[in-house]
Amino acid sequence: MHPRNKNAEGYDFAALAATSAALSKHIKTTQAGTASIDFANPTAVKMLNRAILMHHYGVKGWDIPAGYLCPPIPGRADYIHSVADLLATCNKKNIPSGPGVRVLDIGTGANLVYPLIGHAEYGWSFLGVDIDEAALANAATIIGKNPELAGDIELRHQTVWENIFTGLLRSGEVFDLSICNPPFHNSPDDVHAVSQRKWNNLNKPGAKRGAAEPRLNFGGGGSELWCNGGERAFVKLMIEQSCNIPKRVMWFTSLLSQGDNLPHIEAALKKAKVVESRIIPMAQGQKQSRLVAWTFCGNGEREKWRRERWTAAPSYAVPAFAEQTAPLASEATPTVDPV
């Protein structure tokens, strides 16, 4: 995990249970004598998330409706810290912080996790966008339970399913970053197949006739998990539509889970004639992933951006800063699906 990740050393279940008593009944002792939960149990995972968000990030009353994605918090925090380091490469190795740093969260979801973590860690302001009005309604409920966030997290409905950036921004809006965790799968059948494999890896019964159906321990459904063409098609569409707003976002980024998709994304970036693209490796446990980042701003434009937007803002110095990014063509990391 990223060295600034609050769970880099694992979960402190005693502290988390003390913060959120609802987690206590889900904590068990493993054969090795350590505390844990049943990560195949969606309710236990949700209680763990609620405790982490309350204990580490000060979020009160976090909840999501049944069937919505309950994301692993450490992985989401790694994304936030990684893009913070990306901004630092354009700010003399200091992470710009405060609400003047604006982040566009594509597919913010019912869980609102990226804005919650990004605001808590760096004070950034967010525009969370989704096509699912029910998801946005739940995100608004979370903000309502944490009124101090109201001025720094805005929600917006993208009304056209085929659009990502197109038709989204209002006059004069610019963002320092865009972030996205795109739908991974190509179809509901793909979702079921992955559920089956993970269910088996967790030593649970298979989806035989009459048996319990396998389920993703982090839940999710519909647009959260799949779209036609999967993440490859989604990210390619992001790149295509980013060409229409090239100077309104300094760094466009997206999670890319499958290493096999990188050559196709690299081709799309070349076609879009981006000024620069990078990959940022990420890993949690057995899962190896990466962020893809691209910009249409040259070095001079990024320096002007820094002077105009970040000079007066507070910043966070990155200890022993090392830029862990590389050109897309150098990516050769295999993908290992998480248990």
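Lysine 92 is exposed, with a relative accessible area of 62%; here exposed means over 50% relative accessible area, buried under 20% and partly exposed in between, with a 1.4 Å probe and protein chains only. The model is a predicted one, in which local features need pLDDT of at least 70 and side-chain atom pairs count only at pLDDT 80 or more, while totals for chains, interfaces and linings use all residues. Residues are numbered from 1 along each chain as its sequence is written, and side-chain values use heavy atoms, with hydrogens and water left out.

Most residues other than glycine have a negative phi. Lysine 92, although not a glycine, has a positive phi of about 55 degrees, and this residue lies in the loop between α3 (73-88) and β3 (94-96). Helices (H or I, at least four residues) and strands (E, at least two) are DSSP runs, numbered from the N terminus. Leucine 112 also has a positive phi, near 60 degrees. Leucine 112 sits in the loop between β4 (102-106) and α4 and is buried, its relative accessible area being 0%.

Helix α4 (residues 113-122) is mostly covered, with nine of its 10 residues buried. Among these buried residues are Val113, Tyr114, Pro115 and His119. Just after α4, glycine 123 takes a positive phi of about 75 degrees.

Helix α9 (residues 299-309) has Arg302, Trp305 and Arg306 as its buried residues. They cover an arc of only 100 degrees around the axis, which puts them on the same side of α9; the arc is that of the directions from the helix axis to the C-beta atoms. On the other side of α9, Gly300 and Glu308 are exposed. An α-helix has 3.6 residues a turn, so residues three or four places apart point the same way.

In contact (heavy atoms within 4.5 Å), Arg232, Val235, Lys236 and Ile239 of α7 meet His264, Ile265, Ala268, Leu269 and Ala272 of α8.

Finally, isoleucine 280 is found in strand β9 (residues 276-284) and, at 7% relative accessibility, counts as buried. Its C-alpha atom is separated by 9.4 Å from that of leucine 255, 25 residues apart along the chain.
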